[in-house]
Structure formats: structure tokens, C-alpha cells
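Dear colleague,

I am passing on the structure we spoke of, for you to look over. My notes follow below it.

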Amino acid sequence: KDENVVHLVNGKFSAPDFHLFEMLDQFGALCETKGLGDFGKEFKRLKAFKDGFAALEENKFYMNSWLHKELPFNNCMAKFGSLPGPGIYTHGESVKEATWRQQGVIELDSQIQNEPSCKKAKHE
């Protein structure tokens, strides 16, 4: 087929869509970080899915928020993606870069137009 697929099951949002997008996002960053080139060149349908899914109107809030742009892929023990960028967290040295830590409970407010925001509850 020539059509771009942005939903994996019956043309509707489902859990696999989000999981595949997340994995493709991380694989792309890993390839870029390690100098492995653009994996999308070899996997054109996967690249089309990733790009199309990211561009959906329903995903713009998340794609433009700090939740996508400023959180690391992995926890601080990981050798890849433990800092945004993706960078590598170094115990005792990366604390200032770990701005997401100690944020408490996050509540999304998708009603705000043009400027995604999140309410951060006090950390207990």
C-alpha cells in the first residue's frame, strides 16, 4: 500500500500506536547519538508511521509539551537516554540538568489552546 498508516488497529487510536511511536522515537535518537545514520532510510513505512503519528492534531499537545521535549527516555541509571537530548546522567554531576526530578504529581490540562501546560502538584 502507498497510504501512510498512523493508526495500527482499525484506523483508531490504540495502545500499540503509542508504544510503537515511543520505540521509534528512541531508536531514532539512539541511531543519531551513536552516529548510525537515519534508520528511517531503510524502514520507510516505520518512518512514515512515526512522522504521521507525531503530526496528528490529537498529539500536538503532547508533542509540544515539556513531557515530550524535556523528559529523558530512561531512568538515571541507563547508559542511554538518562538525560534529555538524549544525554547520560552522571551521579553527582547531572543534578542541575535533571529538572524533572522532585516535580510531584503531574496533571495535564489539554484545554489550554496554543500553549500546552501542566499543573504540578506539590511533592509530598
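To start with the cysteines: Cys-31 counts as buried, because its relative accessibility of 14% falls under the 20% limit. Cys-76 has a relative accessibility of 26% and therefore counts as partly exposed.

The mean pLDDT of the chain is 80, with 79% of the residues at 70 or more. Where pLDDT is low, the predicted coordinates should not be read in detail.

Next, the largest pocket. Its space comes to about 730 Å³. The lining consists of 34 residues, and those nearest the centre are Phe-21, Asp-25, Gln-26, His-68 and Phe-73. By type, the lining residues divide into 17 nonpolar, 9 polar and 8 charged.

Which helices supply at least two residues each to that lining? They are H1 (15–33), H2 (44–55), H3 (60–63) and H4 (66–69). H1 gives the most, with 11 residues.

Tyr-62 is found in one of these helices, H3. With a relative accessible area of 38%, Tyr-62 is partly exposed, because that value lies between the 20% and 50% limits. Leaving aside neighbours within four places in sequence, Tyr-62 is in contact with Leu-67 and His-68. His-68 has already come up above, as one of the residues nearest the centre of the largest pocket.

One backbone point remains. Asn-10 is not a glycine, yet has a positive phi of about 55°. Where does Asn-10 lie? Asn-10 is in the segment before H1. Is Asn-10 buried or exposed? At 71% relative accessibility, which is over the 50% limit, Asn-10 counts as exposed.

When you open the model, I would look at the lining of the largest pocket, with its 11 residues from H1, and then at Tyr-62 and its contacts with Leu-67 and His-68.

Regards

Definitions and conventions: Residues are numbered from 1 along each chain as its sequence is written. This is a predicted model: local features need pLDDT of at least 70, side-chain atom pairs count only at pLDDT 80 or more; totals for chains, interfaces and linings use all residues. Side-chain values use heavy atoms; hydrogens and water are left out. Buried means under 20% relative accessible area, exposed over 50%, partly exposed in between (1.4 Å probe, protein chains only). On a 1 Å grid over the protein atoms alone, a cavity is a set of points where a 1.4 Å probe fits but cannot get out, and a pocket is an open set with protein on both sides within 12 Å along at least five of seven lines; lining residues have an atom within 4 Å of a point. Grid points are joined across faces, edges and corners, and a volume is the space filled by probe spheres set on the points. Helices (H or I, at least four residues) and strands (E, at least two) are DSSP runs, numbered from the N terminus. Ala, Val, Leu, Ile, Met, Phe, Trp, Tyr, Cys and Pro count as nonpolar, Asp, Glu, Lys and Arg as charged, and the others, Gly among them, as polar. pLDDT is the predictor's confidence in each residue, from 0 to 100. Contact means heavy atoms within 4.5 Å.
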